[in-house]
Amino acid sequence: MTAPSKLRLLPWVGLEGKPCYLSTDDGSGYISRLADNIESAQLGFAAEILEQAQDTLDDADAEPDELHSLARELTGALRDVLRVAISRNYLLTEGEPLGL
């Protein structure tokens with residue numbers, strides 16, 4: 001009996017915002033490496049935005065437009081980090097439901 005393929009949640013969405021998955025047993029293929037690189041960039045961006053957020057929140061003179069822009073960037077970064085976490089958790093618990 002052949003083991004089922006692993007599905008990896010990719011760090012981008014497809015048409016209509018639907019999640020994309022990669023079915024592979026090879027974590028070193030082109031798409032897997034591309035996904036790893038994108039996840040790394042997303043996590044790096046999230047760290048940068050978090051640092052910027054602290055600076056902006058510490059600034060008593062921050063303009064409402066700055067705070068609004070920061071909230072949008074933080075929301076996007078959090079969405080990306082959550083997607084990476086879900087993807088990595090799924091890979092670690094292959095075949096188990098995510099519970100989300």
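Predicted model: local features only at pLDDT ≥ 70, side-chain atom pairs only at ≥ 80, totals over all residues.
Trainee: What makes the secondary structure of the protein chain a β-β-α-α arrangement?

Mentor: The protein chain has 2 helices and 2 strands, and from the N terminus on they run β-β-α-α. Strands are numbered from the N terminus, and the record of elements places E1 at residues 6–13 and E2 at residues 19–24.

Trainee: How do you know that the span of H1 is close to the expected one?

Mentor: The expected span is 1.5 Å times one less than the number of residues. H1 has 29 residues, and its first and last C-alpha atoms are 42 Å apart, against an expected 42 Å; the span is therefore close to expectation.

Trainee: What makes Leu 9 a contact of Tyr 21?

Mentor: Contact means heavy atoms within 4.5 Å. Beyond its neighbours within four places in sequence, Tyr 21 is in contact with Leu 7, Arg 8, Leu 9 and Leu 10, so Leu 9 and Tyr 21 have heavy atoms within 4.5 Å. Tyr 21 itself lies in E2.

Trainee: Which elements have the lowest and the highest confidence?

Mentor: Strand E1 is lowest, at a mean pLDDT of 86, and helix H1 is highest, at 93. For the protein chain, the mean pLDDT is 84, and 84% of residues reach 70 or more.

Methods:
Residues numbered from 1 in each chain as written. Heavy atoms only, no water. Helix = DSSP H or I, 4+ residues; strand = E, 2+ residues; numbered from the N terminus. pLDDT = per-residue confidence, 0-100.
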